[in-house]
Amino acid sequence: MEDTQRLPLADIEKIQNEKLRYMLSLCARGSTFYQMQWRDAGIDIADIQTVEDLAKLPLTQKQELMEAPEDFRLDLPDLPLHERALWEVLYTTGSTADPVPLYSNTYDYHAYLHQSQCVAEISGIRETDIIANLFPLTPAPMGAFVRSAGNAYAAGATIFAALPGGAFGPFDVHRSLDQAVDRVEKHRATILWGVPSYIRRLLIRALELKADLSSVRMCAITGEATSPALREDIRRCLREMGAEQPLIFNRYGSTELGAFAQCQEEGDWHNPAPELQYHEIVDPETGHRLPDGERGALAVTHLDKRGTALIRFVVGDIVSIDRSPCSHCGRTSERIVGPVVRTKDLIKVKGMLINPDVLLDVLESISSIAEFQVVVQNENKNDPLSMDEMLIRVALHENAPEHIEKEITQQTHKAVNVTPRVEVTALEEIYSAGEQTKAVRFVDRRVSADNAIR
Ligand SMILES: [Zn+2]
């Protein structure tokens, strides 16, 4: 396939328009959800000819996908086998409700391999790389774990899995942190592929164990918000281990979106395969498309799917889009510009609307904090009507200064206008029992349900 990422924007859109018309015709024939949505909205889908016209269609909300995931799955018995055979089911990480199944047919798996090839090319993953998959096994198959193999296959690289995480089920397949360190060392991994807080924890443990992880040249992180301070701390650990110029590839994506790629550290995220997906920024309330450069809700339209197909699906992230050629690499496909704010993560505490990422940034930049957790709860846990309380639990490094609690309180107040209560605790307390892979950084224990924006 030709490299669409370097075509003039008008040529990219021409390809997208052709794909879109065919995709919409498949949905009109085989998608229960879109048949109903378009009928209810009085839309003749033949009127939608271009990505520009997409703005006339209603948005698809995550709630709608959660309520009836089967209705988004194309049912087209006349398609050739590879377009209709089910290859895999992945589940999205719903924050509260049950995870939602997303269906990929053989055709979609090939498309994902193609997208991964483009991601590898943009972000510099090579055939000679040895990738350590550090994602945990989860009760339902998650894209992050399952797709790591596809990413390696696409790049022609080698991959192995460390299988960390809290054990469940009768089979003894999970491995401890020390075993993960050992495996990374033994295989001379060049890329650590996982959740940033776990990668950092693994590196800190490797330093304690004096393991030789000098082979690692890149960490591909995803699954949690990170601050520049946390990313720099990961680099610091790697440098201490002898890695010369460790890179952090901050992967942005989701099960519905697939992965976007950075062509340079801390850069914007390129759409690696514009022939597969179209992106727009919308006002989440009205559905109106917003101009390039303006921040709003990211909506994705699948242009070439055969399993679960989504049209104008609101991903739940606030970002902006830049359609000018990249000043770093010259690619012409659009870029997602951060900061990425996950709308479901915005919360109200003591009447203040808080972006947890801002608080994360602040806490991560305090060097004497080893790990932390922010808990929002009712001041009196037996009284659901009592005031909100923000509790910041911290595990400290040995050399932490005496008045660190005061500093944490002041910095937090400065960042989010809420005065927290600070509690010093042990590291193990923050990694909840059995779940060793991910520090849960934000916990909302309040009884009332209307804290989240949506
Ligand atoms: Zn670029």
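The crossing of helix 5 and helix 6 is right-handed, a term for a near helix turned clockwise from the far one by less than a right angle. This is a predicted model, in which local features need pLDDT of at least 70, side-chain atom pairs count only at pLDDT 80 or more, and totals for chains, interfaces and linings use all residues. Residues are numbered from 1 along each chain as its sequence is written. Helices (H or I, at least four residues) and strands (E, at least two) are DSSP runs, numbered from the N terminus.

The two axes, which are lines fitted to C-alpha atoms over the stretch in contact, with angles from 0 to 180 degrees between N-to-C directions, come within 8 Å and cross at roughly 65 degrees. Helix 5 and helix 6 are therefore roughly perpendicular, the term for 65 to 115 degrees. The table lists the residues that meet, where contact means C-beta atoms, placed from the backbone, within 7 Å.

| Helix | Residues | Residues that meet the other helix |
|---|---|---|
| Helix 5 | 106-123 | Tyr112, Leu113, Ser116, Gln117, Ala120 |
| Helix 6 | 143-155 | Arg147, Gly150, Asn151, Tyr153, Ala154, Ala155 |

Helix 8 (residues 196-209) has 14 residues and should span 20 Å at 1.5 Å a residue, which agrees with its end C-alpha atoms being 20 Å apart; the expected span is 1.5 Å times one less than the number of residues. Its buried residues (20 or more other C-beta atoms within 10 Å of their own, C-beta atoms being placed from the backbone) include Tyr198, Ile199 and Leu202. The buried residues of helix 8 pack against helix 7 (177-187), strand 5 (191-194), strand 6 (218-221) and helix 9 (228-240). Just after helix 8, Lys210 has a positive phi of about 55 degrees.

Terms used
Buried ≥ 20, exposed ≤ 12 C-beta atoms within 10 Å, placed from the backbone. Contact = placed C-beta atoms within 7 Å. Parallel < 35°, antiparallel > 145°, perpendicular 65-115°, else oblique.
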